[in-house]
Amino acid sequence: MSYISDMRRYIGHAPMLCAGATVVVLNENRILLNLRSDTNTWGIPGGANELGETLEETAARELKEETNLIANSFTLLNVFSGKDFYFKYPNGDELYSVIALYLANHIAGDLRVNDAESLKLSYFGKNEMPHLENRAKAIVDWLIENGYIG
């Protein structure tokens, strides 16, 4: 059981604040995205911080869980929050995210869908972006503006 699942038992679908980490994996200026099973939109690998976990530990765990990849280290790129990072899930759960965005360095492992959260994994350049979940779109736009995705 995750911290978010535990909290949902008490607050139901009410809005909650959640810290988490999102991981940018680049391959020749293309970003790795995952087709999310909960929204059927594309997003960036990442997820919620668990109790006692550092944000870098969250980044490493989520990267492994969702992609089967391991990063040797991470570089903190930015922290996102505010009303642009509100999301309402199809089941009615509401969330305001505080997202630590990390760049994964020195990647190892065989890329594959590793959990039920993703349907597909693929790399995209800035001119071939699929339909993104709103928080992922804001982050991808920032990455393009700052020259990470070509």
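Start where a side chain meets the backbone: a polar atom in the side chain of Glu53 sits 3.0 Å from the backbone nitrogen of Glu50. Glu53 itself is in the loop between β5 (46-48) and α2 (55-67). With 18% relative accessibility, Glu53 counts as buried (buried means under 20% relative accessible area, with a 1.4 Å probe and protein chains only). Setting aside residues up to four places away in sequence, Glu53 touches Ala48, Thr58 and Arg61 (contact means heavy atoms within 4.5 Å).

A quick word on ground rules: this is a predicted model, where local features need pLDDT of at least 70 and side-chain atom pairs pLDDT 80 or more, while totals for chains, interfaces and linings use all residues. Numbering runs from 1 along each chain as its sequence is written, and side-chain values use heavy atoms, leaving out hydrogens and water.

Now for α2. Its buried residues are Thr58, Ala59, Glu62, Leu63, Glu66 and Thr67. They sit on the same side of α2, because they cover an arc of only 125° around the axis (taken from the directions from the helix axis to the C-beta atoms). An α-helix has 3.6 residues a turn, so residues three or four places apart point the same way. Among the elements covering the buried residues of α2 are β1 (16-24), β6 (70-80) and β8. After α2 comes Asn68, with a positive phi near 70°.

Ser97 counts as buried, at 6% relative accessibility.

Technical notes: Buried means under 20% relative accessible area, exposed over 50%, partly exposed in between (1.4 Å probe, protein chains only). Helices (H or I, at least four residues) and strands (E, at least two) are DSSP runs, numbered from the N terminus. A polar contact is a pair of N or O atoms within 3.5 Å; within protein, one must be able to donate a hydrogen and the other to accept it, and residues adjacent in sequence count only if both atoms are side-chain atoms.
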